[in-house]
Amino acid sequence: MKRVREREIPLAPIDRILHKVGAERVSDEAIRALRDLLERIAEEIAKEALEAAKHAGRKTVTKEDIEFATKRLFRVIQL
């Protein structure tokens, strides 16, 4: 039996974002693909941020940890 991974981000906000930037029509497949990508990116940022917090001797992940992790992971991409 194949195990289905539970998603965290709902599809509706992804659809709204795509329409907000000008898409007239968006396929369900495109919405799911963007959602899956955003979740993978968020998980990687969260892992890096957690490592930064641990390195600093903290249990709490801060905004600064998220910003540091984002810069570290996306050095090439300007967000």
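This is a predicted model: local features need pLDDT of at least 70, side-chain atom pairs count only at pLDDT 80 or more; totals for chains, interfaces and linings use all residues.
Local features require pLDDT of at least 70 and side-chain atom pairs pLDDT 80 or more, while totals for chains, interfaces and linings use all residues. Residues are numbered from 1 along each chain as its sequence is written, and side-chain values use heavy atoms, with hydrogens and water left out.

The protein has three helices and zero strands. Its pattern along the sequence is α-α-α. Helices (H or I, at least four residues) and strands (E, at least two) are DSSP runs, numbered from the N terminus. Of the 79 residues, 16% are buried. Buried means under 20% relative accessible area, exposed over 50%, and partly exposed in between (1.4 Å probe, protein chains only). Among contacts (heavy atoms within 4.5 Å) between residues at least 6 apart in sequence, 41% join residues at least 24 apart.

Helix α1 spans residues 11-20 and helix α2 residues 28-55. Their axes come within 9 Å and cross at roughly 105°. Axes are lines fitted to C-alpha atoms, for helices over the stretch in contact, and angles run from 0 to 180 degrees between N-to-C directions. From α1, the contact involves Leu 11, Ile 14, Asp 15 and Leu 18. From α2, Ile 31, Arg 32, Leu 34, Arg 35 and Leu 38 take part. The contact residues comprise six nonpolar, no polar and three charged. Ala, Val, Leu, Ile, Met, Phe, Trp, Tyr, Cys and Pro count as nonpolar, Asp, Glu, Lys and Arg as charged, and the others, Gly among them, as polar.

Helix α3 covers residues 63-73 and contains Asp 65. Its buried residues are Asp 65, Ala 69 and Thr 70. These lie on the same side of α3, because they cover an arc of only 135° around the axis. The arc is that of the directions from the helix axis to the C-beta atoms. Lys 63, Glu 64 and Lys 71 are exposed on the other side. The cover over the buried residues of α3 includes α2.

Asp 65 counts as buried because its relative accessibility is 5%. Beyond its neighbours within four places in sequence, Asp 65 contacts Ala 49, Ala 52, Ala 53, Arg 58 and Thr 60.
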